[in-house]
Amino acid sequence: MRKPLIFNLLAILILGCAAETAAQNSAPPAPFGPIPDARQLAWQKMETYMFVHFGPNTFTNVEWGSGAENPEVFNPTDLDCRQWAATAKAAGMKGIIITAKHHDGFCLWPSKFSEHTVARSLWKNGQGDVLRELSDACREYGLKFGVYLSPWDRNHPTYGTADYNQVFVNMLDEVLGNYGEVFEQWFDGANGEGPNGKKQVYDWPLFNSTVNRLQAKAMIFSDVGPDCRWVGNENGVMGETNWSRLTTEGFTPGWGAPDTKTLNTGQIDGARWLPGEADVSIRPGWFYSPETDNNVKSLRQLLNIYYTSAGRNANLLLNVPPDTRGHIHSNDSVRLVEFRAALDRIFSVNLAAKAKITASETRANSPLFGATNLLDGNFDTYWAADDGQTKAEITIDLGKETAFNRLLIQEYIPLGQRVKQFSVDYWDGSQWLTIARQTTVGYKRILCLPRVKTKKIRISIEDALACPIISEIGCYLDDIQ
Ligand code: FUL
Ligand code: CA
């Protein structure tokens, strides 16, 4: 009597567990760790947007103005923000962030809280407003508008006193309250005051809450966020390992920031979702200078920057500084159009789109999470493994010999960043040969590989923090010289 009873109980238990696991697995995976909010996700999908450094430095040909410049030096002869917007649009960029106030303190809008503004310039007899013209142009061209405001201010008489924080908030009120929607507020952490310089204790919580109050949908950039982070260099180079996570507790932008290596790679166990934004200039300096007209980055340099930023799970903020006319110089705009054409040429057709794709594991063996989701061009459909499964192989059978040298992988980050290590092999006709072993994936990873011609590619996920969830895979050929 006893035996069958135990047997029955066990059977019920085992069947019950199996049914429970199957039920769990046929549901989408639960989120793992910190995840992006809707704003961060929409921002990540922008991928590239333009930075514009413009101000007295454009006319005085320096990178850091002292703040003692005569405001009359700011005098663009033919300011054309629509030309900037048209250029950004042609380059496939999704928005423009302008230096509304750089370290010299000069305001590109007629601020009521400073004497050092466009209102004191000769431009349009002091009646002009660059933020008005640019925000209008962005709207006209379907671009998002963003604002850079330097906390470090070498002009304002209150800088170095507690009063300055309120001045800065008043300025934020103006730039965020009067020009329509702002997608990103950029806080520069730089402060070049020497040991004998003015000491300003910034009220970051007040600055951030002011942005949230005025522009609830705006991303706040600084060295440590709170919404997106600096990558630790100004070369557009994100870490090959890049976790969109960081613990920011106890850190502040500027002198109080984590070391640049940490900013560059993020932290595998970081407490906050904090994606990277890689900033870099198309010229050697941030501001326009006639001397750099022939030093605009080459197409190859721009493509490489794209791979080390957007291709490493970061957004690319590419600076294109207008000249003293207030135009983007043709050397820069021509290069940007070439850049867009090259990206379109490389990435418009996924060479694996019609391939047969299979996976060693599929969540609940359900087509809902099947490998074909990896090639449907839709970020929101994904392949996933069962809970607890952190290894898997995905095989792409291209059907015919195909040459490629770029492999794109996208993780479905709305459920968290998971992949920790993966490798890529190709079939040389008789065996698998490994061409890459890498760590993180994130929103978008593009591997630059040696050019191989093959019929089959295998991606092995070797370790992950939780069951892997991948949205898209693509194979491409970059044949640009
Ligand atoms: C730095 C500044 O000091 C540079 O002038 C430039 O604005 C760059 C984007 O950020 O911290
Ligand atoms: Ca998909």
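This is a predicted model: local features need pLDDT of at least 70, side-chain atom pairs count only at pLDDT 80 or more; totals for chains, interfaces and linings use all residues.

Residues are numbered from 1 along each chain as its sequence is written, chains are lettered from A and ligands numbered from 1 in the order in which they are written, and side-chain values use heavy atoms, with hydrogens and water left out.

**Exercise 1.** Find the residues that coordinate the calcium ion (ligand 2).

*Solution.* Start with the rule: donors are N, O and S atoms within 2.8 Å of the metal (3.2 Å for Na, K and Ca), and since water is not among the atoms, sites may look incomplete. Next, list the donors: Asn 373 (O), Asp 376 (OD), Asn 378 (O), Thr 381 (O), Thr 381 (OG1), Ser 471 (O) and Glu 472 (OE), at 2.2 to 2.6 Å. Finally, write their spacing along the chain: N-x2-D-x1-N-x2-T-x89-S-E.

**Exercise 2.** Check the span of helix α6 (residues 163–177), then describe its surroundings.

*Solution.* Helices (H or I, at least four residues) and strands (E, at least two) are DSSP runs, numbered from the N terminus. The expected span is 1.5 Å times one less than the number of residues. For the 15 residues of α6 that gives 21 Å, and the end C-alpha atoms are 21 Å apart, so the two agree. Now look at burial: 11 of the 15 residues are buried, so α6 is largely enclosed by the rest of the structure. These buried residues pack (contact means heavy atoms within 4.5 Å) against β2, α5, β3, β4 and α7.

**Exercise 3.** Classify the aromatic pair of Phe 74 and Phe 106.

*Solution.* Rings of Phe, Tyr and Trp (its six-membered ring) pair if their centres lie within 6.5 Å; planes under 30 degrees apart count as stacked, over 60 as edge-to-face and the rest as tilted. The whole structure holds 33 such pairs. Here the centres are 5.2 Å apart with 40° between the planes, so the pair of Phe 74 and Phe 106 is tilted. Phe 74 lies in the loop between α3 and α4, and Phe 106 in the loop between β2 and α5, so the pair ties together parts that are 32 residues apart in sequence. Both Phe 74 and Phe 106 are buried.

Key
Buried means under 20% relative accessible area, exposed over 50%, partly exposed in between (1.4 Å probe, protein chains only).
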